[in-house]
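Reader: I have a model open and want to go through it with you. Shall we start with the whole chain and then turn to the details?

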Amino acid sequence: MNKLLHAEFSRLFHSVLFWLCIAASNLLGIGLVGLRYVDIIYHPELYKYVPISYTSVDDLLFVSGLYLIFAFATFIGIFQGTEYSDGTLRNKIIMGHKRSHILLSKWIVCCTACSLYHLIYIFRVLLSGFFLLNGTTLGIKLILTQTLITLCAVLAFTTILLLCTMIAQNKAIGAVTCLLITVLMLYFALRIDQKLRAPEYYEAYTFVDEESGDAIYVPREKNPKYLTGTKRQIYSVLNDVLPVSQLYRVAIADSTVTPVLMLYDGITVFLVAGFCIILFLRKDLK
C-alpha cells in the first residue's frame, strides 16, 4: 500500500495537469478579488453607503465550489483515465497489488489534490482580500466550519467522479463523462434550490391599466407550482445530500447550512466507494 501511495503521489507531483489546476485555483482567487477591487475603484458611488461586508471577501470566499468542480472533473477524468490507456492498472495487478489497495490509493490521491485546489483558493482569496479589500467580516469559527463542510462535499464529489473513471476505460470517455456528470449535478443543484425557494403565495399588487387608466387590484393567490408534501421532502433531501448542492448553498451563504451535511457526505462516500470497489473488483482490465 505504501509503495502504491508513493507511486501515485510521485505521478501526481510530476503531472502538468496537477500544476495547471494549482495555477487555476490561485488565478481564480486573485482574479475574483481583483475584479471586486477594480469595481470598487471605478464605481465608488455604488459602495459608498453599503455595509462593509459588501467591500470584503465574504461572498467570494466559498464560491470556488461552483467553478473548481469543472477543474476536479477534468483532473480526475484525465489523470485516472491515463492509467487505463497506458495499461498501468493491469501492470500493478500483475505485480501482486490488490485491487482494493489500488483503488484506495487513487481515492486518497484524488481527494488530496481536489482538497488542495479548494484550500488554495480560500487562502488566496483571504490573502488578496486582506491587501486589496476590507478582509472578511466572518468569524474564524464560521470560516473553519464552512471550510470543513465544503471540504467534505469535495470529498463526496471526488468519490463520485472517481467512480465514473472506473466505469469508463477510455481516457477521453472518462473525462467527458466526468464533465457531463458535473454539468448535470450543477443544473440539478440550481433547479432544486429554485424550486425550494419558490414562494407559497404571490403577494397582492395593484397596477394601472394603460388604456383605461383604472387601477386594477390583483389579490394574493397561491403559487400552483409550490412544492408540498412528499415532493418537497424529496427535494429537500436531495438538496442536503447532493455534494454540488451543498457547495452552492455555502457559496450563497444559505442560513440553513449546518454541520449535519458532513454526515450526509460521509454516507455518500461510504456507499459510492463501496459500489466502486465492487465494480472494480469484477472489472475486466484489458
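Author: Start with the surface. The accessible surface of the chain comes to about 15700 Å². Carbon and sulfur atoms hold 67% of that area. Keep in mind that this is a predicted model.

Reader: How many helices and strands are in the chain?

Author: Both kinds of element are present. The chain has four strands, and its helices number 11.

Reader: What share of the residues is buried?

Author: Buried here means under 20% relative accessible area. The chain has 286 residues. The buried part comes to 43%.

Reader: Among contacts with a separation of 6 or more, what percentage joins residues 24 or more positions apart?

Author: Take the contacts in the chain with a separation of 6 or more.

Reader: What is the hand of the crossing of H2 and H6, and how does their contact divide into nonpolar, polar and charged residues?

Author: H2 passes H6 in a right-handed crossing. From H2, the contact includes Phe18, Ile22, Gly29 and Tyr37. From H6, it includes Ala113, Tyr117, Arg124 and Leu132. The residues of the contact of H2 with H6 divide into 15 nonpolar, six polar and one charged.

Reader: How are H7 and H8 placed, oblique or roughly antiparallel?

Author: H7 runs over residues 140-167 and H8 over residues 171-197. They pack at about 140 degrees, with axes 9 Å apart. Only angles over 145 degrees count as roughly antiparallel. H7 and H8 are therefore oblique to each other.

Reader: Which residues make the contact of H7 with H8, and how do they divide?

Author: The crossing of H7 and H8 is right-handed. H7 brings Phe157, Ile160, Leu161, Cys164 and Thr165, while H8 brings Thr177, Cys178, Ile181, Thr182 and Met185. The contact of H7 with H8 divides into seven nonpolar, three polar and no charged residues.

Reader: Is leucine 163 buried or exposed, and which residues does it contact beyond its neighbours within four places in sequence?

Author: Leucine 163 lies in helix H7. Its relative accessible area is 13%, so leucine 163 is buried. Isoleucine 277 is 114 residues away in sequence, yet 8.9 Å away in space, C-alpha to C-alpha. Setting aside neighbours within four places, the contacts of leucine 163 are Val272, Phe275, Cys276 and Leu279.

Reader: How many residues of H10 are buried?

Author: H10 covers 243-251. Among its buried residues are Gln246, Tyr248 and Arg249. H10 is mostly covered, and the buried count is nine of its nine residues.

Reader: Where is alanine 253, and is it buried or exposed?

Author: Alanine 253 sits in the loop between H10 and helix H11 (260-282). Exposed means over 50% relative accessible area. Alanine 253 is exposed, at 60%.

Technical notes
Residues are numbered from 1 along each chain as its sequence is written. This is a predicted model: local features need pLDDT of at least 70, side-chain atom pairs count only at pLDDT 80 or more; totals for chains, interfaces and linings use all residues. Side-chain values use heavy atoms; hydrogens and water are left out. A crossing is left-handed if the near helix is turned anticlockwise from the far one by less than a right angle, and right-handed if clockwise. Helices (H or I, at least four residues) and strands (E, at least two) are DSSP runs, numbered from the N terminus. Contact means heavy atoms within 4.5 Å. Ala, Val, Leu, Ile, Met, Phe, Trp, Tyr, Cys and Pro count as nonpolar, Asp, Glu, Lys and Arg as charged, and the others, Gly among them, as polar. Buried means under 20% relative accessible area, exposed over 50%, partly exposed in between (1.4 Å probe, protein chains only). Axes are lines fitted to C-alpha atoms, for helices over the stretch in contact, and angles run from 0 to 180 degrees between N-to-C directions. Angles under 35 degrees count as roughly parallel, over 145 as roughly antiparallel, 65 to 115 as roughly perpendicular and the rest as oblique. Accessible areas come from the Shrake-Rupley method with a 1.4 Å probe; for residues, only the protein chains shown count as cover.
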